[in-house]
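Trainee: I am new to this structure. Could we go through it step by step?

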Amino acid sequence: MSSAPGAPMSWVSLLLTAWSSRAPSLLIVVMVSRDVGLRVGLEGVQTSMCSRWGSRVEEFNQGQDGDVVIGGLFNLHYQPPVIDQEFIKPPFYNPCTGLQVETLKAAYAMEFAVEEINRNPLILPGVKLNYRILDCCARHPWVLHGAFSLVGGETESCDSTAILPQSHVSGPSSAMRGGPSVPLIIGGASSTTAIILSRTLASLSVPVISYLASCPCLSDRHRFPNFFRTIPSDVYQAKTMARLAILFNWTWIGAVFADNDYGRLAIQTFQEEIKGSGVCLAFSEAISRETIEEDAKRAATTVQHSTARVILIFCWFTDVGELFLELAKRNVTDRQFLASEAWSTSSDLLQDVAILNVASGVLGVAIRSARIAGFKSFLQHLKPSDRPGDLLLREFWEKEFGCRLSTTPFHPQSMSESSTTARISGPSSDNRSPLTAPLPLCSGNETLEGVENVFTDTTHLRATYNAYLAVYAAAHALHKHLTCPDEDSSPRDNSSTCSSPYNIKRKELLEHLNRVNFTTPNGEEFFFQGADIPAAYDLVNWKTSPDGSLKLVLIGRVDGLELHLNKTSIQWTTGSSQVPISVCSESCPPGTRRANRKGEPVCCFDCIPCTDGEVSNETGSHQCRRCPVEFWSNPGNTACIPRKVDFLSFNETMGIILTAAAVSGAAVTTAVFAVFLRFRNTPMVRANNSELSFLLLLSLKLCFLCALVFIGRPSVWSCHLQQAAFGISFVLCVSCLQVKTIVVLAAFRSARPGAGGLMKWFGPGQQRGSVCFFTSIQVIICTIWLSLSPPTPHRDLGFQGSKVNLECAMSSVVGFAVVLGYIGFLACLCLLLAFLARKLPDNFNEAKFITFSMLIFCAVWVAFVPAYISSPGKYSVAVEIFAILASSYGLLLCIFAPKCFIILLRPERNTKKQLIGR
């Protein structure tokens with residue numbers, strides 16, 4: 001009859017045994033259970049349990065019979081056997097090897113917590129709690145096998161009376177007929193394992209409490225309604241890692257992660273946390289336990305050739321050990337490693353001499369440590385002689401003391417076939433080579449009292465304490481579930497009936513777990529926030545001790561989102577207290593900005609100097625900031641400084657040259673004036689009205705001197721005087737030349753017949769009047785201009801530079817244009833008249849020199865206009881001064897140089913005969 005239910009599960013068992021540990025899900029069993037019916041599916045599972053499917057799910061020492069039994073799934077070994085997957089017959093499994101001492105201690109913590117709860121009259125009074133722990137050897141199919149064994153109540157008999165789930169059988173006699181059914185399971189040592197357990201057992205409403213699964217995905221109550229954990233979610237761990245990277249300015253980080261839910265989702269969360277913080281991943285390498293050797297070599301090569309000096313690792317400690325061994329072979333000892341909680345406190349790695357140089361200075365996030373009162377004494381008093389059925393203690397004992405126990409304890413399953421019932425056999429037995437000498441027999445006096453090793457060290461319990469808390473959470477939920485309501489309670493509180501230890505309703509137990517809230521034996525408040533507990537971590541550092549070994553040192557802690565870190569106590573991989581640098585590009589110094597390289601991560605960039613007028617006063621600035629209008633950047637572009645006031649000064653080279661030219665011109669004009677005054681009675685001076693010559697020399701002197709008004713710091717009076725002096729002086733000068741030209745024309749015209757009265761209109765009085773008339777027009781123009789809109793001192797902030805140009809701003813361009821236009825009009829008129837008189841008969845025709853002088857005058861001022869407009873700042877003032885001096889020197893030299901040459905050097909030609917010889 002048992003074959004009927006076993007038939008639909010035969011192909012399921014083949015799928016499970018052939019299933020690779022890389023499988024993403026185990027929902028197929030749940031699907032089958034839904035297809036054939038929950039009860040029939042569960043019966044089928046239990047029926048196949050009779051034959052074990054050819055697997056080796058190994059059992060921890062089971063306690064005495066109890067009213068309620070809680071299940072435990074632990075990875076007590078870490079080296080799973082090689083599976084022969086031929087798909088034609090059930091595979092043969094060799095025993096697992098590599099006893100994990102830390103996990104063994106966590107299993108004993110579960111036993112210790114159960115005994116402690118049984119002694120406590122306040123928790124589950126009148127109910128005896130017991131446990132059943134299986135070793136799933138880190139293999140996913142074995143996890144599922146063990147889960148069904150625990151939930152279904154595995155039995156050694158194929159009797160149909162033992163097939164029913166134990167929760168359906170009331171009374172203590174159920175334990176006599178087979179293994180008891182557990183109402184909840186403490187297990188899921190990895191995130192993938194926890195996902196398998198939660199998804200598989202969700203339809204049965206079996207709660208799963210994990211002490212090590214930290215995947216953020218498990219916080220989803222819709223997908224995993226029956227999951228709880230006593231370890232914080234990796235969201236907080238990834239946030240802590242990201243904050244450490246930002247704190248130490250590590251912007252270029254490599255990542256090695258386990259190719260499973262734990263590693264992939266941890267890296268994904270880390271990447272989400274570092275977005276926008278300037279931290280980038282240089283590489284990310286996934287490693288799998290099934291192909292650890294090849295993956296470790298590939299990851300080591302990547303680490304060796306990467307420019308990242310900080311490496312983040314989210315892996316199990318055995319995988320990290322393989323990676324570190326590869327790095328040690330390549331002598332890669334200058335990398336700073338950031339450790340996840342999965343390996344940051346691994347005693348195996350700390351004690352491995354082969355990786356000492358690689359692992360020194362590791363900085364890691366660890367599960368919050370705590371103490372368990374009495375647990376150390378409990379461990380020290382363990383003895384195989386007192387626990388004959390504890391095969392794992394036997395394996396640990398032989399390994400610890402280097403001896404072998406003489407007798408093999410009897411186990412019920414030792415009567416069955418070896419292929420289906422082989423139990424724990426560690427390296428000291430099955431894996432021993434035939435050529436290896438047998439270990440000596442144990443004397444029986446061995447004891448753990450006084451032994452200080454990883455197993456007996458209870459000063460910083462982490463995963464062990466999490467397992468301890470999981471038992472207490474389960475016990476308090478069972479206590480609430482099994483406690484009968486008070487008679488005086490409200491109807492709402494009395495809505496549920498009193499539950500029996502032999503008829504535990506898992507759905508109600510699940511609700512009590514969601515609301516569990518108690519004080520731990522250490523006095524801490526414990527409660528679940530959905531599936532999680534509040535985040536709490538330790539920050540640890542692997543320091544090199546004086547004897548050369550590595551020791552674990554606590555350097556800080558994390559409470560929620562608060563980071564408390566003692567930076568000065570950190571020993572880095574370099575052996576010093578200097579924080580290592582891990583960047584793709586060095587931070588841009590002040591005065592520069594970052595420019596991202598095309599096609600590369602944002603952490604790889606070039607440093608571009610800020611342009612003039614822009615500054616960056618921070619390291620690693622993304623943008624340069626423009627200075628305010630009255631400020632300019634300093635030479636290093638690191639700060640804005642007030643712009644210097646710039647004007648044409650007497651102290652600068654250009655100001656000195658122009659001043660010297662103006663003073664020299666005035667001096668030469670004065671000298672000419674003196675010569676003319678000395679020789680005022682000579683024909684050369686008296687010709688063509690000597691009075692106009694003296695007035696012309698005076699105006700030229702004023703023209704030279706007015707140039708000095710343009711030099712120096714502009715003020716209100718200097719701005720008013722500049723243009724007025726310039727305009728009036730040049731009009732006076734050009735008026736004198738124009739009158740002289742008119743007099744020359746009139747003089748020669750009057751010599752013609754019938755024109756004798758022409759000169760009476762151009763006598764000395766008329767000449768002086770004409771000069772005054774022409775000049776007075778300019779005076780009126782300047783007066784009106786300066787009265788209505790005079791030039792004023794102005795800071796020209798529009799000019800980009802370190803200096804602010806202080807100039808006389810033309811408030812009215814029209815006024816300045818009229819002044820220049822009037823001068824230009826008189827100059828053009830004078831040029832025209834002089835041109836007409838250039839061929840008059842005379843040995844010394846002054847009209848020719850006036851023509852030349854006016855040509856120079858006009859050429860200078862025509863060129864002045866575009867040069868003045870295009871010249872910035874003080875250079876426009878220099879252009880105007882140059883035009884004044886050039887035109888003044890042109891007039892002085894063209895008109896008076898020939899006369900002075902004759903007066904001083906050719907006096908014999910200074911006669912009336914010579915002047916009118918023609």
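Mentor: Contact means heavy atoms within 4.5 Å, and buried means under 20% relative accessible area with a 1.4 Å probe, protein chains only. Helices (H or I, at least four residues) and strands (E, at least two) are DSSP runs, numbered from the N terminus. This is a predicted model, where local features need pLDDT of at least 70, side-chain atom pairs count only at pLDDT 80 or more, and totals for chains, interfaces and linings use all residues. Residues are numbered from 1 along each chain as its sequence is written, and side-chain values use heavy atoms, with hydrogens and water left out.

Trainee: Against which elements do the buried residues of α18 pack?

Mentor: In helix α18 (residues 506-514), the buried residues are Arg-506, Leu-509, Leu-510, His-512 and Leu-513. They are on the same side of α18, because they cover an arc of only 160° around the axis, taken from the directions from the helix axis to the C-beta atoms. Their packing partners are α5 (140-152), β7 (208-210), β8 (227-229) and α17 (463-482).

Trainee: Which are the edge strands of the open sheet of eight strands?

Mentor: The order is β10-β9-β11-β12-β13-β16-β17-β18, with mixed pairing; two strands pair if DSSP finds at least two bridges between them. An edge strand pairs on one side only, which here applies to β10 (280-287) and β18 (562-565).

Trainee: Which residue in β18 stands opposite Asp-559?

Mentor: Strand β17 (residues 550-559) pairs with β18 in the antiparallel sense, over four bridges. Opposite Asp-559 stands Glu-562.

Terms used:
Buried < 20%, exposed > 50% of the residue type's maximum accessible area, 1.4 Å probe, protein only.
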